Amino acid sequence: MKQFNWKYYFVLLLFVPVLLEIFLKAEDYITFLWTFALLMGYFVWILFSGIIFYKYNKKRGLRNEFCINYEYEMLAVHFWIDTVNKELAVLCLLNPFKVQYFPLDSIEEIEPVISFAGRKKNHVYGVYFYITINGKKTSVGVISSGRGYLTNMDYVNCYLEYIQNFKDIIWKAKLM
């Protein structure tokens, strides 16, 4: 599963030096303001274009023969499960241009992981799981404290149940 589109963000970043060169060589006040506005708009596009394409492709939907039976929203990944055709569809926030499809038989393992904060293990930095598809292990975040408050262990169990429910549905669909 490809979670990050390197080509898109690399091409976006290639234009930054060109815009900076134009910005620094502005001779009059109006050109300076226009290039500054263009530069700020470009930075906004770099930051939010992934979210725009992600939301668009999520609303656009999946291919016609895909029958959505279950849907799971994680931090930066959206999963759809088709138990009829035994497929998993994935849309990632940093690779938002196409939905990736995988047969359920290619999923080898789903392993939950808790990132504890401190020795007492009362609080958690995040909960995520590793999903192994065609021999490639990918980490998918379910909850993260980021720079905010740590998550209490009381809430971690509901996230672990969410992962277990996701795992059980996939294994049941594989056996059908």
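I began with contacts, meaning heavy atoms within 4.5 Å. Among contacts in the chain with a separation of 6 or more, 50% join residues 24 or more positions apart. The model is predicted, so I noted the limits: local features need pLDDT of at least 70, side-chain atom pairs count only at pLDDT 80 or more, and totals for chains, interfaces and linings use all residues. Residues are numbered from 1 along each chain as its sequence is written, and side-chain values use heavy atoms, with hydrogens and water left out.

**Entry: overall layout**

I listed the secondary structure next. I took helices (H or I, at least four residues) and strands (E, at least two) as DSSP runs, numbered from the N terminus. The chain has three helices and eight strands. Their order from the N terminus is α-α-β-β-β-β-β-β-β-β-α. The radius of gyration is 21 Å, well over the 16 Å of the globule rule for 176 residues, so the chain is more spread out than a compact globule. For that figure I used C-alpha atoms; the rule is 2.2 Å times the number of residues to the power 0.38. Along the principal axes, the C-alpha atoms fill a box of roughly 70 × 50 × 25 Å.

I then checked burial. Buried means under 20% relative accessible area, exposed over 50%, and partly exposed in between (1.4 Å probe, protein chains only). Of the 176 residues, 36% count as buried.

**Entry: cores**

I searched for nonpolar cores, which are sets of buried Ala, Val, Leu, Ile, Met, Phe, Trp, Tyr and Cys residues joined through side-chain atoms within 4.5 Å. The largest has 27 residues. Met1, Phe79, Leu88, Phe129, Ile131 and Phe166 have the most contacts inside this core. At least two residues each come from S2, S3, strand S5 (107-117), strand S6 (123-133), S7 and H3. Which element gives the largest share of this core? H3 does, with six residues. Another core, of nine residues, lies apart from it and includes Tyr9, Leu12, Leu39 and Tyr42.

Leaving aside neighbours within four places in sequence, its contacts include Phe79, Trp80, Phe102, Ile131 and Phe166.

Helix H3 has 23 residues and reaches 33 Å from its first C-alpha to its last, close to the expected 33 Å. I took the expected span as 1.5 Å times one less than the number of residues. The buried residues of H3 are Val156, Ile163, Phe166, Ile169, Ile170 and Ala173.

I also looked at Thr138 in strand S7 (residues 136-144). Thr138 is buried at 7% relative accessible area. Beyond residues up to four places away in sequence, Thr138 touches Met1, Gln3, Phe129, Tyr130 and Ile131.

**Entry: hairpin**

I counted strands as paired if DSSP finds at least two bridges between them. Strands S1 (residues 70-73) and S2 (residues 77-82) pair in the antiparallel sense over four bridges. They form a hairpin with three residues between them. Glu73 has His78 in S2 as its bridge partner.

**Entry: salt bridges**

I used this cut-off: a side-chain nitrogen of Lys or Arg within 4 Å of a carboxyl oxygen of Asp or Glu. The whole structure has five salt bridges. How far apart are the closest N and O atoms of Glu21 and Lys25? They are 3.0 Å apart. Glu21 is partly exposed at 40%, and Lys25 is exposed at 58%.

Arg63, Glu65 and Glu87 form a network of salt bridges. Arg63 meets Glu65 at 3.2 Å, N to O. Arg63 meets Glu87 at 2.5 Å, N to O. Arg63 lies in the loop between helix H2 (29-60) and S1, and Glu87 in strand S3 (residues 87-92), so this pair ties together parts that are 24 residues apart in sequence. Glu65 is exposed at 52%, Arg63 is partly exposed at 31%, and Glu87 is buried at 16%.

**Entry: backbone angles**

Most residues other than glycine have a negative phi. I noted Lys86, with a positive phi of about 55°. Lys86 sits in the loop between S2 and S3 and is partly exposed at 23%. Asn134 also has a positive phi, near 55°. Asn134 is in the loop between S6 and S7 and is exposed at 54%.
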